[in-house]
Amino acid sequence: MKHQDAALVCFSGGQDSTTCLFWAKKRFTRVEAVCFTYGQKHSLEIEIARKIAADANVPFQLLDVSLISQLAPNSLTDTSIVMDQEKPADSYPNTFVPGRNMVSLLLPLSWRGVKASSIW
């Protein structure tokens, strides 16, 4: 398989990444989905992503990046922190997970970078 025939989709199972998954399926011969667990309180989103990938006949891989929860306290990964109901005026909401998006791009490049020419 040529590199330009493959795509790796960073896949949460949400609306945006599901759109990317089906966009990639129309344009690439081989599509894989990678999802991340980082110690978030709710695992339902991971199970939804796994089901959508299976229904789309796309290989699904779950990567454990729970080290993210050690970077800074946040209510998504720390059960002792109650989630903000409103965004504080002078800072990020406590649901903000520093570095999550960077890790979501860096790790797939390391994991499958040589097999896929595109990451969506």
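**Exercise 1.** List the residues that Thr-18 touches, leaving out those up to four places away in sequence.

*Solution.* Step 1: the residues touched are Phe-11, Gly-13 and Ile-52. The model is a predicted one.
Step 1: place Thr-18 in the fold; the residue sits in helix α1, which spans residues 15-27.
Step 2: The Thr-18 side chain reaches the backbone oxygen of Gly-13 at 3.4 Å, and the cut-off for a polar contact is 3.5 Å.

**Exercise 2.** Decide whether Thr-18 is buried or exposed.

*Solution.* Step 1: take the relative accessible area of Thr-18, 18%.
Step 1: apply the cut-off, under 20% for buried.
Step 2: Thr-18 is therefore buried. For the chain as a whole, 32% of the 120 residues count as buried.

**Exercise 3.** Classify the aromatic pair of Tyr-92 and Phe-96, and state how accessible each residue is.

*Solution.* Step 1: the structure holds two aromatic pairs. One of them joins Tyr-92 and Phe-96, with 4.4 Å centre to centre and 15 degrees between the planes.
Step 1: planes under 30 degrees apart count as stacked, and the Tyr-92 and Phe-96 pair is stacked.
Step 2: Tyr-92 has 58% relative accessibility and so counts as exposed. Phe-96, at 37%, counts as partly exposed.

**Exercise 4.** Give the order of the secondary structure elements from the N terminus on.

*Solution.* Step 1: count the elements; the chain has three helices and four strands.
Step 1: write them in order, β-α-β-α-β-α-β.
Step 2: turn to the contacts with a separation of 6 or more; residues 24 or more positions apart account for 67% of these.

Definitions and conventions:
Residues numbered from 1 in each chain as written. Predicted model: local features only at pLDDT ≥ 70, side-chain atom pairs only at ≥ 80, totals over all residues. Heavy atoms only, no water. Helix = DSSP H or I, 4+ residues; strand = E, 2+ residues; numbered from the N terminus. Buried < 20%, exposed > 50% of the residue type's maximum accessible area, 1.4 Å probe, protein only. Contact = heavy atoms within 4.5 Å. Phe/Tyr/Trp six-rings, centres within 6.5 Å; stacked < 30°, edge-to-face > 60°. Polar contact = N/O pair within 3.5 Å; in protein donor to acceptor, adjacent residues only side chain to side chain.
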